[in-house]
Amino acid sequence: MQIMKIHGIVLGWIVLGAQQHLTVLGWTTPVVGKKNAGLPRMTRSSIPDESSIVTKEVTVVPMIMDRRAALMGAVISALLVPSSAALAQPQEFANVGTQAPPPAGEEDRPFVTLANGVKVKDFKEGIGTETVNGVSRVFIKCTSRLLNLNGVIFYSTKNNNPDGFGPEPLVFTLGKGEALPGLESGLMGMKKDGIRRIIVPAELAYSKYPQLEPKPMSALDQRALDSVVNNPRRDATILFDVQVERIK
């Protein structure tokens, strides 16, 4: 807003300077009618005879106007460049998907808020009787998104293919400090093949535990995560879509 005010003041200077110099040459800029308010129309107020025209004034005034216009143009350019840069999103994020489509399954179930603030919503219950508990070793498919960047994905097990034979699941043991506390609590009670969306508040995610799993697998993904986590003015809430492949 402050930059816009400065732009308005600078443009005002240009208009005022132009009107002053045009008046010297015998031109006026009256406003004609309400419809044209603010839109000046150039009219000749008087035509001096040849004897009254001073050659020095005719040649010097345009030079002054050209110099002033050039100076004001440079000032405006200097003001506009940083404002555009400040609003621009990093180019590498421009083509990244900005939606968080729900996983396949039942979508009409409501979110349940746990005691620690983590929210969970089941899209598929899973099979069997074994469930994830506080000491389980789990093998999960996982997609992680930054809600503050409109759902930009910064981690996905689909990209975890180190040997070229297909994506590998994320594997960790609950209760050993290997994964984010918010993700662990969101997995509790899940069954094999179950699909769940987990929303983890910042204090149970990377804001306090930046070294825990799931870790970004590329420099670009890490930069996207850091741009939110390291900015105190941004909400570092994380969304996880997970599917349990195995429980041990």
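The dialogue below goes from the whole chain to single residues.

Student: What should I know before I start?
Tutor: This is a predicted model, in which local features need pLDDT of at least 70, side-chain atom pairs count only at pLDDT 80 or more, and totals for chains, interfaces and linings use all residues. Residues are numbered from 1 along each chain as its sequence is written, and side-chain values use heavy atoms, with hydrogens and water left out.

Student: How many helices and strands are there in the chain?
Tutor: Helices (H or I, at least four residues) and strands (E, at least two) are DSSP runs, numbered from the N terminus. Here the chain has 4 helices and 11 strands.

Student: What share of the residues is buried?
Tutor: Buried means under 20% relative accessible area, exposed over 50%, and partly exposed in between, with a 1.4 Å probe and protein chains only. The chain has 248 residues, and 30% of them are buried.

Student: How do I read contacts along the chain?
Tutor: A contact means heavy atoms within 4.5 Å. Take the contacts in the chain with a separation of 6 or more: residues 24 or more positions apart account for 69% of them.

Student: How do I read a nonpolar core?
Tutor: In soluble globular proteins, nonpolar side chains tend to be buried together. A nonpolar core is a set of buried Ala, Val, Leu, Ile, Met, Phe, Trp, Tyr and Cys residues joined through side-chain atoms within 4.5 Å. The largest one here has 35 residues. Ile140, Phe172, Leu187, Ile198, Phe240 and Val242 have the most contacts inside it. Elements that each supply at least two residues of this core include strand 8 (170-173), helix 3 (181-187) and helix 4 (219-229). Strand 11 gives the most, with 5 residues.

Student: Which residues does phenylalanine 172 contact?
Tutor: Leave aside neighbours within four places in sequence. Phenylalanine 172 then contacts Ser136, Arg137, Val138, Ile140, Glu178, Ala179, Leu183, Glu184 and Leu187.

Student: Serine 136 is on that list. Is serine 136 buried or exposed?
Tutor: Serine 136 is buried, because its relative accessible area is 3%. This residue sits in the loop between strand 5 (127-131) and strand 6. Beyond four places in sequence, serine 136 touches Thr131, Phe172, Thr173, Leu174, Ile247 and Lys248. Serine 136 and leucine 174 are 38 residues apart in sequence, with their C-alpha atoms 5.6 Å apart in space.

Student: How do I read a polar contact?
Tutor: A polar contact is a pair of N or O atoms within 3.5 Å; within protein, one must be able to donate a hydrogen and the other to accept it, and residues adjacent in sequence count only if both atoms are side-chain atoms. In serine 136, a polar side-chain atom lies 2.8 Å from the backbone nitrogen of asparagine 133.

Student: Which backbone oxygens does the side chain of arginine 196 reach?
Tutor: The side chain of arginine 196 reaches that of glycine 186 at 2.7 Å and that of methionine 188 at 3.0 Å. Arginine 196 belongs to strand 10. With a relative accessible area of 8%, arginine 196 counts as buried.

Student: How do I read a pocket?
Tutor: On a 1 Å grid over the protein atoms alone, a pocket is an open set of points with protein on both sides within 12 Å along at least five of seven lines, and lining residues have an atom within 4 Å of a point. The largest pocket here is lined by 20 residues. Lys141, Cys142, Thr143, Lys158 and Asp241 lie nearest its centre. Strand 6 (137-146), strand 7 (152-156) and strand 11 (238-247) each give two or more residues to the lining.

Student: Where is lysine 124 found?
Tutor: Lysine 124 is in strand 4 (residues 119-124). Lysine 124 counts as partly exposed, because its relative accessibility is 39%. Not counting residues up to four places away in sequence, lysine 124 touches Asp193, Gly194 and Ile195.

How values were computed. On a 1 Å grid over the protein atoms alone, a cavity is a set of points where a 1.4 Å probe fits but cannot get out, and a pocket is an open set with protein on both sides within 12 Å along at least five of seven lines; lining residues have an atom within 4 Å of a point.
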